Amino acid sequence: DAVAPASGIHQAGITTPVQEHLHFAAYDMMARTTREDVASLLADWTYAATRMMQGLEVSATGAVGGSPEAPPDDTGEALGLPASNLTITFGFGPSLFDDRFGLADQRPAGLERLPAFLGDDLDPERSDGDLCIQACADDPQVAVHAIRNLSRIAFGRASIRWSQLGFGRTSKTTSDQSTPRNLFGFKDGTANILANDAAALEENVWVPASEGPAWLTGGSYLVARRIAMLIETWDRTRLAEQDRVVGRDKAQGAPLSGGDEFTAPDFAATDAAGKSRIDARSHVRLAHPDMNDGIRILRRGFNFVDGTTDLGRLNAGLFFLSFQRSPDRFIRLQRSLATDAMGEYLKHVGSGLWAVPPAPVAGQSIGAGLLG
Ligand code: HEM
């Protein structure tokens, strides 16, 4: 159960069948580090990540094969565990392209901090970062082991700015995966872009050569949004209202215009009283490509529960992750959701945008096209 090493054009962890667990981390380069430090860090990360995705320890000596007088290379908690479909996906944030590392002329045109959206209540300590790593696996210990060891390797060069654990996928990326449910209890991922839909991926996910810069061709843009869900309020809401807000029914995930889960929604359908069956402010209608110039995104988010708040409420939500061909596509979609009926039950508290370079070619490091 090791995912094929990143030997294709695209990094693993995008179209890979979504795993069950996530550990996501955003990093900042430390003060007075140089472009050479960025390059050496990415080389060391590539080496360790390639090994871990094969179920190996971070180095040949690993957890117990080195000198007893030195701290082990590998922290050891994944010893004996299978690779668990681990994928490690790297991204470069807008701030990596400021004056510090001489990369400003390589910055993709749209790689800026995301603009403010209606209803945002962002915590800077849960947002942004020079670099990010998305580690997904079917065993949470394997995902945590990956982030822990990559953070350790970064010591002195980059440090964790914030991180997020996620459990339970909230999407599917292959047709043979069942559609999971999010913490609102609704099927999530029904209309996602699937790995075998090459045309949709080309159109919506991968950066084409014509858009540049050259180092990003075949890559993508990753958006992360920590979205708090007001679970207790939702749980006191009538079922019919929950269905109306989503635009699909809770039982089957079928559009309220009729049919089954995979029937296309019919936004023109009306009931006997002439009222739209799918509410104009429903999430599914406002997020649908028909309302957004045909734009689609590849969603790959996870549930989170981080204990309880001071008021005794679950500190829970959806750690939204999406991959898209350009940042403006996400911006267009999120602006469209400004009047989303679901907005009453959500609060966006963290945000980040990263350019995701293509997979390294054999023998090179991730981002070699950028750093030379
Ligand atoms: C669809 C839930 C946030 C974009 C859906 C569906 C559900 C859902 C239940 C219907 C099933 C499906 O097709 O997957 C949620 C929840 C969110 C959230 C609970 C926040 C906690 C977002 C955000 C975006 C987004 C922030 C993008 C900016 C979409 C899109 C679809 C969708 C594009 C598919 C629409 C279609 O083509 O029919 N979401 N969503 N969602 N959502 Fe969300």
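R225 stands opposite F320 in strand β8, and this pairing belongs to the eight bridges that join β5 to β8 in the antiparallel sense. The model discussed here is predicted, and its protein chain contains eight helices and nine strands.

**Strands around β8 and β5**

- Strand β8 is mostly covered, with eight of its eleven residues buried, and β5 is joined to β8 by eight antiparallel bridges.
- β5 also pairs with β9, again in the antiparallel sense and over ten bridges; within this pairing, I227 stands opposite H348 in β9.
- Strand β9, which covers residues 346-356, is largely enclosed by the rest of the structure, because nine of its eleven residues are buried.
- Strand β7 (residues 302-308) runs antiparallel to β8 and is joined to β8 by five bridges, with L314 in β8 as the bridge partner of T308.
- The strands β7 and β8 form a hairpin in which five residues lie between them, and in that turn G312 has a positive phi of about 80°.
- Strand β6, made up of residues 298-299, is joined to β8 by two bridges and also runs antiparallel to β8; here R299 has S322 in β8 as its bridge partner.

**Surroundings of the ligand**

- The ligand has 28 residues around it, of which F186, T190, A191, A287 and L318 come nearest.
- Two or more residues of this shell come from each of the elements β5 (220-229), α6 (283-287), β8 (314-324) and α7 (327-336).
- Sorted by class, the shell is made up of 16 nonpolar residues, eight polar residues and four charged residues.

**Helix α2 and its cover**

- Helix α2 comprises the 14 residues 140-153, and the distance from its first C-alpha to its last is 20 Å, close to the 20 Å expected at 1.5 Å a residue.

**The chain as a whole**

- The protein chain has a radius of gyration of 21 Å, which agrees with the value near 21 Å that a compact globule of 372 residues would have.
- Taken along the principal axes, the C-alpha atoms of the protein chain fill a box of roughly 75 × 45 × 40 Å.
- Of the 372 residues in the protein chain, 46% count as buried.
- Among contacts in the protein chain with a separation of 6 or more, 73% are accounted for by residues 24 or more positions apart.

**The loop between α1 and β2**

- D74 lies in the loop between α1 and β2 and counts as buried because it has 25 C-beta neighbours inside 10 Å.

**Other loop residues**

- E261 is found in the loop between α5 (239-246) and α6, and with 15 C-beta neighbours inside 10 Å it counts as partly exposed.
- Not counting residues up to four places away in sequence, E261 touches T179, K187, T190, Q252, G253 and A254, and T190 is also among the residues that come nearest to the ligand.
- E261 and K187 are 74 residues apart in sequence, and their C-alpha atoms are 9.0 Å apart in space.
- G212 and P213 are joined by a cis peptide bond with omega of about -5°, and P213 lies in the loop between α3 (198-204) and β5.

Conventions:
Residues numbered from 1 in each chain as written. Predicted model: local features only at pLDDT ≥ 70, side-chain atom pairs only at ≥ 80, totals over all residues. Near = placed C-beta within 6 Å. Helix = DSSP H or I, 4+ residues; strand = E, 2+ residues; numbered from the N terminus. Nonpolar A, V, L, I, M, F, W, Y, C, P; charged D, E, K, R; others polar. Expected span 1.5 Å × (residues − 1). Buried ≥ 20, exposed ≤ 12 C-beta atoms within 10 Å, placed from the backbone. Pairing = 2+ DSSP bridges. Rg over C-alpha atoms; globule rule 2.2 N^0.38 Å. Contact = placed C-beta atoms within 7 Å.
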